[in-house]
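What follows is a walk through one predicted model. The text takes up a helix, then the domains, then the surroundings of the ligand.

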Amino acid sequence: MNSHEGKMLIDVFTIFPAIFDSPLREGLLGKAIEGGILEVRVHDIREHGTGRHRQVDDAPFGGGAGMVMKPEPVFESVTACLGYGIEDLERLREEVEVVMLTPRGERLTQARVAELAALPRMALICGRYEGVDERVMEHLCTSAISIGDYVLSGGEMAALVLIDAVARLVPGVVGNRESLEEESFSGGMLEYPQYTRPAEYLGWRVPEVLLSGDHGAVERWRRQAALAYTRRVRPDLLRGSGDETERED
Ligand SMILES: C[S@@+](CC[C@H](N)C(=O)[O-])C[C@H]1O[C@@H](n2cnc3c(N)ncnc32)[C@H](O)[C@@H]1O
C-alpha cells in the first residue's frame with residue numbers, strides 16, 4: 001500500500017535539464033503532473049559548479065580516460081534545493097531517498113519500483129562523463145539503481161525510465177488499477193498476448209477463444225498463454241529469481 005496520500009515529489013539533479021522537458025509533458029506523466037498527483041522538479045547541477053566557468057567535472061585521480069563529476073556541485077545542489085544544510089546530510093538521508101543512477105547499482109525490478117512508489121518523495125542524481133566522484137555515493141545517496149546491464153551516456157534517460165515506472169504505481173496516475181495487477185511482472189510472469197479489432201488481418205485471425213464471450217475460458221487461455229510465453233522467454237521469472245543471468249537457453 002502507498003504510504004502517502006496521492007502525491008509524490010521527485011527532485012532530479014542533472015547537468016542537462018532540457019532532456020526532461022518533453023517526456024514530462026506528454027502522456028501519463030504529463031497528465032499526472034498537470035493533475036498535481038506528481039511533482040517533478042529538475043535542477044541544474046551546473047548552477048552550483050565551481051569557479052567562473054561553473055565547472056562540474058575534472059580529471060580522475062590516478063589517471064585514466066575521461067572526466068569525473070566533481071563532488072561539490074552535486075552536494076551543494078542537492079542540499080540547497082532540498083532545503084538542508086551541508087552539515088545536515090544524515091537527516092537528509094533519513095528523510096529523502098537519494099538515488100544515484102549508475103550501471104554499478106542494483107538492477108531495477110518491478111518490486112523495487114513498487115517500493116519507491118510508496119515513498120512520498122525521492123531525489124535522483126544523473127551522472128555524466130565517466131561517472132560521479134564516489135563520495136557522492138558514500139555520503140549523499142541512500143541507494144544506487146541501474147536500469148539494466150548496459151552503459152548509457154548519462155543518467156537522464158535512466159531517471160526518466162525510473163520516474164515513468166514509479167509514477168504508474170502512484171494512486172490516481174493509471175485510471176484503471178486492474179490493468180496494473182495484470183501487467184507483466186506483477187504476478188511473477190510476463191503478460192498474456194493482447195489483441196484488438198480487426199479479428200482478422202491479412203489472413204491472421206486472433207485466437208477464437210477471445211471472441212467466444214466465455215469469460216472463464218478467456219481467463220484460462222490467458223493464464224496458460226502467459227505461462228507458456230514466460231517459460232519460453234524468461235524462465236528465470238518462474239523460478240522467482242527475476243535474474244536474467246540465470247536464464248535457461
Ligand atoms: C558513461 S556512464 C559512466 C559509466 C561508468 N564509467 C562505469 O563504467 O560504470 C555515465 C552516466 O550514465 C548513467 N548510466 C549509464 N548507464 C546506466 C545504467 N545502466 N543505469 C543507470 N544509469 C546509467 C550514470 O549516471 C553514469 O554516471
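The expected span of a helix is 1.5 Å times one less than its number of residues. Helix 2 covers residues 71–82, and its 12 residues should therefore span 16 Å at 1.5 Å a residue. The C-alpha atoms at its ends are 17 Å apart, which agrees with that expectation.

Helix 2 has buried residues, namely Pro 73, Val 74, Ser 77 and Val 78. These four lie on the same side of helix 2, because the arc they cover around the axis is only 115°. Several elements take part in covering the buried residues of helix 2. Among them are strand 1 (8–14), strand 2 (38–44) and strand 4 (68–69). Strand 5 (97–107), strand 6 (121–126) and helix 5 (134–139) are also included in that cover. After helix 2 comes Gly 83, and the phi of Gly 83 is positive, near 80°.

At the level of the chain, the domain assignment gives domain 1 as 8–169 and domain 2 as 182–246. Between the C-alpha centres of domain 1 and domain 2 there are 35 Å.

The ligand has 20 residues around it, and those that come nearest are Leu 101, Gly 127, Leu 152, Gly 155 and Ala 158. Which elements supply at least two residues each to the shell around the ligand? They are strand 5 and helix 6 (155–169). Strand 5 gives the most, with 4 residues. By residue class, the shell around the ligand holds 9 nonpolar, 8 polar and 3 charged residues.

Note on methods:
Residues are numbered from 1 along each chain as its sequence is written. This is a predicted model: local features need pLDDT of at least 70, side-chain atom pairs count only at pLDDT 80 or more; totals for chains, interfaces and linings use all residues. A residue is buried if 20 or more other C-beta atoms lie within 10 Å of its own, exposed if 12 or fewer, and partly exposed in between; C-beta atoms are placed from the backbone. The arc is that of the directions from the helix axis to the C-beta atoms. Two residues are in contact if their C-beta atoms, placed from the backbone, lie within 7 Å. Domain bounds come from an automatic or database domain assignment. A residue is near a molecule or strand if its C-beta atom, placed from the backbone, lies within 6 Å of it. Ala, Val, Leu, Ile, Met, Phe, Trp, Tyr, Cys and Pro count as nonpolar, Asp, Glu, Lys and Arg as charged, and the others, Gly among them, as polar.
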